[in-house]
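Hi,

Here is the structure I said I would pass on. Have a look at it first, and my notes on what turned up follow below.

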Amino acid sequence: MSATQTKGSETCTVLVSKRLSKALAHYAATYPKYTKTPDTPLFFSAKRGGFSAQTIVNLFARFYGLANVNGASSHGGRRQFLTELADKGVNVRVIQALARHENISTTQRYIDYNESKLRNAIELIG
């Protein structure tokens, strides 16, 4: 991503899973007119332009509402992604790098826990 596309105004490489890479390749093959240059918006509106950040937030709210998911936000997917990595035992420094957080304390605030996870942790000690 270019610096203008990021929150921190720094360029970065976005790593994606093999599964997502395959889906993106299919998307690009389906919409070659809209994916021919790297600076073209990934998702386009009916007017063929890119969406604003607020429009994406509104779309996520609508999708969550249609799925009857209460209390979710456009940022919730990011939090869930980081929490799932932690649940799978990924080192917090790796999670921090993927999240592009400057401070590890920020990353730690993104990782959710609940009583069930706490109980499971206690059970690890024989």
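R100 sits in the loop between α4 and α5 (104–110). One thing to keep in mind as you read on: this is a predicted model. Most residues other than glycine have a negative phi. With a relative accessibility of 40%, R100 counts as partly exposed.

N68 does something along those lines too, with a phi near 55 degrees, a positive value in a residue that isn't glycine. You'll find N68 in the loop between α2 and α3. N68 is exposed, at 64% relative accessible area.

Now for the inside. Which residues make up the largest nonpolar core? There are six of them: L82, L85, I95, A99, Y110 and I111. Helices α3 (76–87) and α4 (92–99) are the elements that give two or more residues to this core. If you click on I95 and ignore its neighbours within four places in sequence, you'll see contacts with L82, L85, A86, V90, T107 and I111.

- D112 pairs with R79, with the closest N and O atoms 3.5 Å apart. D112 is in the loop between α5 and α6 (115–123) and R79 is in helix α3, so this bridge ties together parts 33 residues apart in sequence. Both ends are partly exposed, D112 at 35% and R79 at 29%.
- D87 meets K117 at 2.9 Å, N to O. This pair also links distant parts of the chain, from D87 in helix α3 to K117 in helix α6, 30 residues apart. D87 is partly exposed at 46%, and K117 is partly exposed at 27%.
- R119 and E115 meet at 2.6 Å, N to O. They are four residues apart in helix α6, so about one helical turn separates them. R119 counts as exposed, at 54% relative accessibility.

On to the aromatics: a search of the whole structure gives two pairs. Y27 and Y31 form a tilted one, 5.1 Å centre to centre with 50 degrees between the planes. Y27 counts as buried at 19% relative accessibility, whereas Y31 is partly exposed at 35%. F60 and Y64 are the other pair, with ring centres 6.2 Å apart and planes at 45 degrees, so tilted again. Both lie in helix α2 (residues 53–66), four residues apart, or about one turn. F60 is partly exposed, at 33%.

Last, the outside. V14, V16, L20, L24, L42, F43 and F51 form a nonpolar surface patch with about 570 Å² of accessible area together. V16, one of its members, is in the segment before α1 (18–30). V16 counts as partly exposed, at 40% relative accessibility.

Cheers

Terms used. Residues numbered from 1 in each chain as written. Predicted model: local features only at pLDDT ≥ 70, side-chain atom pairs only at ≥ 80, totals over all residues. Heavy atoms only, no water. Patch = residues over 30% accessible without salt bridge, like charges linked within 9 Å, V, L, I, M, F, W, Y side chains within 5 Å. Areas by Shrake-Rupley, 256 points an atom, 1.4 Å probe, with all protein chains shown as cover. Salt bridge = Lys/Arg side-chain N within 4 Å of Asp/Glu carboxyl O. Buried < 20%, exposed > 50% of the residue type's maximum accessible area, 1.4 Å probe, protein only. Core = buried A, V, L, I, M, F, W, Y, C linked by side-chain atoms within 4.5 Å. Contact = heavy atoms within 4.5 Å. Phe/Tyr/Trp six-rings, centres within 6.5 Å; stacked < 30°, edge-to-face > 60°.
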